[in-house]
2 protein chains.
Amino acid sequence: MSVVQVHTPGGNYPIHVEAGRLDQLQQSIPADATTLALITNPTVFALYGQRVLTALQATGKKVVQVQIPDGEAYKTMATLEQIFDALLQNRLDRKAVIVALGGGVVGDISGFAAACFMRGIRFIQVPTTLLSQVDSSVGGKTAINHPLGKNMIGAFYQPIAVEIDIHVLKTLPKREIAAGLAEVIKYGMITDADFLDWCLAHTEALNQLRDAELQQAVKRSCELKAYVVSQDERESGLRAILNFGHTFGHAIEAGLGYGEWLHGEAVGCGMVMAAELSAEVCGLSAESVQKVRQLVQAIGCPTTPPQWDHDKWIDLMGLDKKAEGGQLRFVLLPELGRSVVQAVDVATVKKVLAKF
Amino acid sequence: MSVVQVHTPGGNYPIHVEAGRLDQLQQSIPADATTLALITNPTVFALYGQRVLTALQATGKKVVQVQIPDGEAYKTMATLEQIFDALLQNRLDRKAVIVALGGGVVGDISGFAAACFMRGIRFIQVPTTLLSQVDSSVGGKTAINHPLGKNMIGAFYQPIAVEIDIHVLKTLPKREIAAGLAEVIKYGMITDADFLDWCLAHTEALNQLRDAELQQAVKRSCELKAYVVSQDERESGLRAILNFGHTFGHAIEAGLGYGEWLHGEAVGCGMVMAAELSAEVCGLSAESVQKVRQLVQAIGCPTTPPQWDHDKWIDLMGLDKKAEGGQLRFVLLPELGRSVVQAVDVATVKKVLAKF
């Protein structure tokens, strides 16, 4: 088992990465927990629900099940209310613990429910997609969507543990693996050029989910994310670099309607666009842009964005949370492995949009 | 002007107490605020909205108005959504500042909106009821109600300033003054017997809203609350004493339907009940119980609770957030000015209920 320790002002917690971890979850349940609420969706429950229930029930504590609909389209206030209803109908108290079993949607909404329920109860992330294992489950960003923007309503709220079983990835569709690998290679692009080269050398092993390479990639991604988050829990500075590719990516998701492209696919394509913008604005070399494009392609993510009017792009990006006082802000790469946050004028953005 | 400084892990901020403070609000707006969102209700807006708008507009910043319906019955998820819709439609960003102008409902829901909007933006409390001036605006507890319980969904989230104008109390109905004074005398009961005696000696001046006594009572209440909150922001220990009278009080509010009795009225009556329970469980003297009852009566709050079946009381109190693992917990007074949190068995609670 690999353990990555996360340190933030909002709390310290371990990430356990292990094949077969699902059967060991009882190890992370605090002794003083009164009730456990397992939040998941029917798809994940059918695959892993019984194993997780068995592990949780091994603590001797009451386990309440809450199933929410599957998909980004349900990361809404209505689903959040459904969770609160279930928690209150089952009379959970302040010492209850939420266990979020699923991908980013389950993790984000369950974490936000934990943040708000009675002003905050403990929760554990058990991410079952590659994307959520390397990204959304680590760092304490929780949220729901609003019709006017993704993740607009949420909280910074840390779990007490993240439990990663890399074997659950074997039941994922190929598209979701590609979407998760997009975030893996992102860590290389923004912070670690060596890891980026390692990824480039192992795309085949990663695409085929070979245990050793997968464990290494997940662990390194969590380490890099944990490092960034520990420096800046509330995204006032460094943490913003984790949004590399996300300004374009969020626009793609919002413009097509959430769920049309997977988040990681949109980010994958967004990274190619942000690399082109980096070349235009801060001198990223043409070879480096090519390397980004090649890697995004090699892991099976799209590199061609939807063909929209440029004003539609600008409009969609203007609602992004990084927009401050009317300026468009992007994470850019002066070189591979190093990233900066910078304001870019609309004309330059449109010039880059014209290349796609 | 009196200034009380609040120190918590979640942030430090000043409470300004001053007659005419409404016209000085621009002094507390941060220079880097992009947009200001004034959240209030039509009743308060009619009385003070224009003055506050003038003060806020003196900063030269754009001010967005959000009016929400008046009353505890609207401290709901639906109203919260209305606020989010308005903030997003007006394209507020992460550097926007919310100004909450109103009583506890406006303050609690606006604070919770600020806590969740884009995972947290700054907000300023401008409480316009006595209750909110001495209680809900200080300490960072924000929340909305759920059909199954009061304040069940919320966050610990600190404002950047609390702005108290004691002159706004002159337009309040007598019942609301009484409800606010209930919380004022509560601070005496739980932490400061001298202040309790001072209140007893000045009930007439307080009931008549005389400037000097009112300023003193509000300032001392804020100081005592700030002290407790600074010791324990997240209610894991000491802060629980602020809930003196609230276990019974919340049951009254939930059982009658929120808004039937004012929160402070329910707490006033709840304090008399909790005093009787203290006599039964931890030896509060009969004379002290009598003093509590006399003071609650002198400020004009009810001292006789609704006549319900005892099991209904127990059931209503079981949903209170202080219930842990099935036990009923109460804040009790071994003597006036000193408080403890203690589990009490149901039979003893019923014995005390029989006295009312």
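**Figure 1. Salt bridges between chain A and chain B.** Between chain A and chain B, two salt bridges are counted in this predicted model. In one salt bridge, Asp315(B) is joined to Arg91(A), and the closest N and O atoms of the pair are 3.1 Å apart. Side chains of opposite charge can pair when their charged atoms come close. Polar contacts are also found here: ten residue pairs, both members at pLDDT 80 or more, are in polar contact between chain A and chain B. On the side of chain A that touches chain B, at least two residues each come from helix 2 (77-89), helix 3 (104-116), strand 7 (141-146), strand 8 (149-156) and helix 12 (310-318) of chain A. The residues of this side of chain A comprise 16 nonpolar, eight polar and 13 charged ones.

**Figure 2. The area buried between chain A and chain B.** How many residues of chain A are in contact with chain B? The number is 37, and they are in contact with 37 residues of chain B. About 3400 Å² is buried between the two chains, and carbon and sulfur atoms give 59% of this area. Leu88(A), Arg94(A) and Arg119(A) together supply 24% of the area that chain A buries against chain B, which is more than any other three residues supply.

**Figure 3. A salt bridge within chain A.** Over all chains, a search of the whole structure finds 47 salt bridges. One of the salt bridges is formed by the side chains of Asp32(A) and Arg122(A), with a distance of 2.8 Å from N to O. Asp32(A) belongs to the loop between strand 2 (11-17) and strand 3 (35-40) of chain A, whereas Arg122(A) belongs to strand 6 (residues 122-127) of chain A, so the pair ties together parts that are 90 residues apart in sequence.

**Figure 4. The open sheet of chain A.** In chain A, seven strands form an open sheet with mixed pairing, and their order is 1-2-9-6-5-3-4. Strand 1 (2-8) and strand 4 (62-67) of chain A stand at the edges; each has a single partner strand, so one side of each is left without a neighbour in the sheet. On average, neighbouring strands of this sheet are turned by 20 degrees against each other, direction ignored. Strand 3 and strand 4 of chain A pair in the parallel sense over six bridges, and Thr40(A) stands opposite Gln67(A) in strand 4 of chain A. Helix 8 (residues 211-231) of chain A packs on the sheet and touches strand 1, strand 2 and strand 9 (161-164) of chain A. The direction of this helix makes about 15 degrees with that of strand 1 of chain A.

Figure 5. Chain B has an open sheet of seven strands in the order 1-2-9-6-5-3-4, and the pairing is mixed. Which strands of chain B are the edge strands? They are strand 1 (2-8) and strand 4 (62-67), each of which pairs on one side only. From one strand to the next, the twist averages 20 degrees. Strand 1 and strand 2 (residues 11-17) of chain B pair in the antiparallel sense over seven bridges; in strand 2 of chain B, Gly11(B) is the bridge partner of Thr8(B). Helix 8 (residues 211-231) of chain B packs on the sheet, where it touches strand 1, strand 2 and strand 9 (161-164) of chain B. Helix 3 (residues 104-116) of chain B lies across strand 3 (35-40), strand 5 (97-102) and strand 6 (122-127) of chain B, and it runs at about 165 degrees to strand 5 of chain B.

Methods: Residues numbered from 1 in each chain as written. Chains lettered and ligands numbered in written order. Predicted model: local features only at pLDDT ≥ 70, side-chain atom pairs only at ≥ 80, totals over all residues. Heavy atoms only, no water. Pairing = 2+ DSSP bridges. Helix = DSSP H or I, 4+ residues; strand = E, 2+ residues; numbered from the N terminus. Axes fitted to C-alpha atoms, helices over the stretch in contact; angles between N-to-C directions. Contact = heavy atoms within 4.5 Å. Buried area = accessible area lost by both parts, 1.4 Å probe. Salt bridge = Lys/Arg side-chain N within 4 Å of Asp/Glu carboxyl O. Polar contact = N/O pair within 3.5 Å; in protein donor to acceptor, adjacent residues only side chain to side chain. Nonpolar A, V, L, I, M, F, W, Y, C, P; charged D, E, K, R; others polar.
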